[in-house]
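The sequence and the structure come first.

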Amino acid sequence: MRKIIISAGHGGTDPGASGNGYIERDLAIELRNLIVAELKALGITALTDDDKNALKQTLLWLRGKFTTGDILVDIHWNAAANPEAKGSEVIVPEKASAFELNLAKELLHCFTVFGFRDRGVKPETETARKSLGWMRPGAENVLIEVCFISNQTDMKLYQANKNGIARKLGATLAHFRSKN
Ligand SMILES: [Zn+2]
């Protein structure tokens, strides 16, 4: 069985983006906790980072906690100057494994099924930073950009469906946990 490690992107003094009265760090911690609860209901214990950890601390904390087949999920919200930008995407390493690509596709489906715009599965090279620290640990790495904190429609859709989204994400991770 693969281990599942879920991190809330940002934490502590690193709040991430904000918009529409929300702070990315707090949204990510809440969704991480909802997914962990869904997994627990399925009898699966996921490892999670500390709420105080920013990315650097999380990457340090990760050392020695995983092996190559384990699943590493980081949760973020997107933000854009253009308030019209919306939708969900899942980021994978530049040279993604078939497992990472399949997992990312299924995780993205957990959002698009609720009506979020499908922005696709993207390699890290297509993100603003081009290279993401989360993609460096040698495991099966994915980073979820839930939706746009800067888009009111996205945030309303998320708040109305977050429990259903967490349920689907939990079921998807549980499925991939026992996959070859
Ligand atoms: Zn972020």
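In which helix does glutamate 106 lie? The model is predicted, and in it glutamate 106 is part of helix H3, which covers residues 98–112.

Setting aside neighbours within four places in sequence, glutamate 106 makes contact with Thr172 and Phe176. Between glutamate 106 and isoleucine 75, which are 31 residues apart along the chain, the C-alpha separation is 15 Å.

Glutamate 38 sits in helix H1. Its relative accessibility is 22%, so glutamate 38 also counts as partly exposed. Beyond its neighbours within four places in sequence, glutamate 38 is in contact with Asn163, Ala166, Arg167 and Gly170. Alanine 174 is 136 residues away from glutamate 38 in sequence, yet the two C-alpha atoms are 9.5 Å apart in space.

**The zinc site**

Which residues coordinate the zinc ion? The donors are His10 through NE2, Glu24 through OE and His76 through ND1, at 2.1 Å. Along the chain these donors follow the spacing H-x13-E-x51-H. Histidine 10 belongs to the loop between strand E1 (4–8) and strand E2 (18–19), while glutamate 24 belongs to helix H1 (residues 24–41); the pair therefore ties together parts that are 14 residues apart in sequence.

Are histidine 10 and glutamate 24 buried or exposed? Histidine 10 has a relative accessibility of 16% and so counts as buried, the cut-off being under 20%. Glutamate 24, at 3%, is buried as well.

The table gathers the relative accessibility of the residues discussed in this report.

| Residue | Relative accessibility | Class |
|---|---|---|
| Glutamate 24 | 3% | buried |
| Histidine 10 | 16% | buried |
| Glutamate 38 | 22% | partly exposed |
| Asparagine 20 | 39% | partly exposed |

**Backbone at two loop residues**

Histidine 10 has a further feature: its phi is positive, about 75 degrees, although the residue is not a glycine. Asparagine 20, likewise not a glycine, has a positive phi of about 55 degrees. Asparagine 20 is located in the loop between E2 and strand E3 (22–23), and its relative accessibility of 39% makes it partly exposed.

**The chain as a whole**

How many helices and strands does the protein chain have? There are four helices and eight strands. Read from the N terminus, their order is β-β-β-α-β-α-β-β-α-β-β-α. The radius of gyration is 15 Å, close to the 16 Å that the globule rule gives for 180 residues, so the chain is as compact as a globular protein of that length. Along the principal axes, the C-alpha atoms fill a box of roughly 40 × 30 × 30 Å.

Of the 180 residues in the protein chain, 49% are buried. When contacts between residues at least 6 apart in sequence are considered, 80% of them join residues at least 24 apart. The accessible surface of the protein chain amounts to about 8,600 Å², and carbon and sulfur atoms account for 50% of that area.

Key. Residues numbered from 1 in each chain as written. Predicted model: local features only at pLDDT ≥ 70, side-chain atom pairs only at ≥ 80, totals over all residues. Heavy atoms only, no water. Rg over C-alpha atoms; globule rule 2.2 N^0.38 Å. Buried < 20%, exposed > 50% of the residue type's maximum accessible area, 1.4 Å probe, protein only. Contact = heavy atoms within 4.5 Å. Areas by Shrake-Rupley, 256 points an atom, 1.4 Å probe, with all protein chains shown as cover. Donors = N, O, S within 2.8 Å, 3.2 Å for Na, K, Ca; no water.
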